[in-house]
Amino acid sequence: MTTSFWSRDELSKQFSHCATVKEIITTLETDFESRGEVICEVRINGMILDDQDEMQFANNPIDGVNDLAVKSERPGDLIKGALASAAHLLPELEIASLSTADQLRGIDASKARDSFAQAIEGCQWLVGTLEHVRGAASGIGEPIESVERWLAAEKFIAQVVNEVSAAYGKGDSILVADLLEYELTAAITLWREVLEREIARRA
């Protein structure tokens, strides 16, 4: 990831045609896109802007900006990073699933609830991230190689998460524990195979 920085004087010179924060960001997005990069982070006056901040400060005048820092990356490298992060999460998810299953079969219900919530959140993050990766890879002309197996893995883990959530909602802790121990770990194993192959292809 590359970081670019502008001081107040540099901003005044390079973005003299811009009157607002929104105009600066729009100009930067166009500039980085022409270089084959995307902006991952914008920091103004030392504060990282999220989407809501960008909307809030969009019409602020450029005079209020003392410094600007931007982190950018090539889309292909972002995809590699997302694949690596997902692969790194899988063993943690497997451990969390097995641990939660054991707790659900035990007597510590409150601990089991916390562990269950964390495991499901991890799965939801994984599903969302990998769906985004597939779309982004296709968008830059570097599609997933074994897309049929990838889609099967997406469908399998989403189905398991839905089944686990439904069983949990009904208070069927034994079924939840079984689904976590057998079905979810099977979905994780499938994802491990799919991701290892895709990561090796892009290395």
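This is a predicted model: local features need pLDDT of at least 70, side-chain atom pairs count only at pLDDT 80 or more; totals for chains, interfaces and linings use all residues.
# Aromatic pairs, strands and salt bridges

Good morning. Arg-35 lies over the face of Phe-32, at 4.2 Å from the ring centre. The criterion for a charge over a ring is that NZ of Lys or CZ of Arg is within 6 Å of the ring centre and within 35 degrees of the ring normal.

Residues are numbered from 1 along each chain as its sequence is written, and side-chain values use heavy atoms, with hydrogens and water left out.

I turn to the aromatic rings. Rings of Phe, Tyr and Trp (for Trp, its six-membered ring) pair if their centres lie within 6.5 Å; planes under 30 degrees apart count as stacked, over 60 as edge-to-face and the rest as tilted. By this rule there are three aromatic pairs. One of them joins Trp-6 and Phe-15 in an edge-to-face arrangement, 5.9 Å centre to centre with 70° between the planes. Are these two residues buried or exposed? A residue is called buried under 20% relative accessible area, exposed over 50%, and partly exposed in between, using a 1.4 Å probe and protein chains only. Trp-6 has a relative accessible area of 8%, so it is buried, and Phe-15, at 1%, counts as buried too.

Why is the pair of Trp-150 and Trp-191 edge-to-face? The ring centres of Trp-150 and Trp-191 are 5.0 Å apart and the planes stand at 90°, so the pair falls in that class. Trp-150 belongs to helix 6 (residues 147–169) and Trp-191 to helix 7 (residues 173–202), so the pair links distant parts of the chain, 41 residues apart. Here helices (H or I, at least four residues) and strands (E, at least two) are DSSP runs, numbered from the N terminus. Both Trp-150 and Trp-191 are buried.

Helix 7 also holds Leu-184, which is buried with a relative accessible area of 1%. From Leu-184 to Leu-98 the distance is 9.3 Å in space, C-alpha to C-alpha, although they are 86 residues apart in sequence.

Next, the strands. Two strands pair if DSSP finds at least two bridges between them. Strand 2 (residues 38–44) runs antiparallel to strand 4 (residues 67–73), and six bridges join them. Val-38 is in strand 2, and its bridge partner in strand 4 is Glu-73. Strand 2 also pairs with strand 3 (residues 47–49) in the antiparallel sense, over three bridges, with Ile-44 opposite Met-47.

Which residue takes a positive phi in the hairpin of strand 2 and strand 3? The residue is Asn-45, in a hairpin with two residues between the strands. Asn-45 has this phi of about 50° although it is not a glycine. At 36% relative accessibility, Asn-45 counts as partly exposed.

Val-38 is likewise partly exposed, at 32% relative accessible area. With Met-1 and Leu-78, Val-38 forms a nonpolar patch on the surface, with about 240 Å² of accessible area together. Patches are made of residues with over 30% relative accessible area and no salt bridge; like charges are joined within 9 Å, and nonpolar side chains (Val, Leu, Ile, Met, Phe, Trp, Tyr) within 5 Å. Accessible areas come from the Shrake-Rupley method with a 1.4 Å probe, and for residues only the protein chains shown count as cover.

Finally, the salt bridges. A salt bridge is a side-chain nitrogen of Lys or Arg within 4 Å of a carboxyl oxygen of Asp or Glu. How many does the whole structure contain? The search finds 12.

Arg-105 forms one with Glu-181, the closest N and O atoms being 2.7 Å apart. Arg-105 lies in the loop between helix 4 (75–104) and helix 5 (109–139) and Glu-181 in helix 7, so the pair ties together parts 76 residues apart in sequence. Arg-105 is partly exposed at 36%, as is Glu-181 at 23%.

Arg-149 forms a salt bridge with Glu-193, with closest N and O atoms 2.9 Å apart. Since Arg-149 lies in helix 6 and Glu-193 in helix 7, this pair ties together parts 44 residues apart in sequence.

Arg-202 and Glu-198 form a salt bridge at 2.7 Å between the closest N and O atoms. Both lie in helix 7, four residues apart, about one turn of the helix, and both are buried. Arg-202 and Glu-198 are also linked with Glu-142, Glu-145, Arg-197 and Arg-201 in a network of salt bridges. Thank you.
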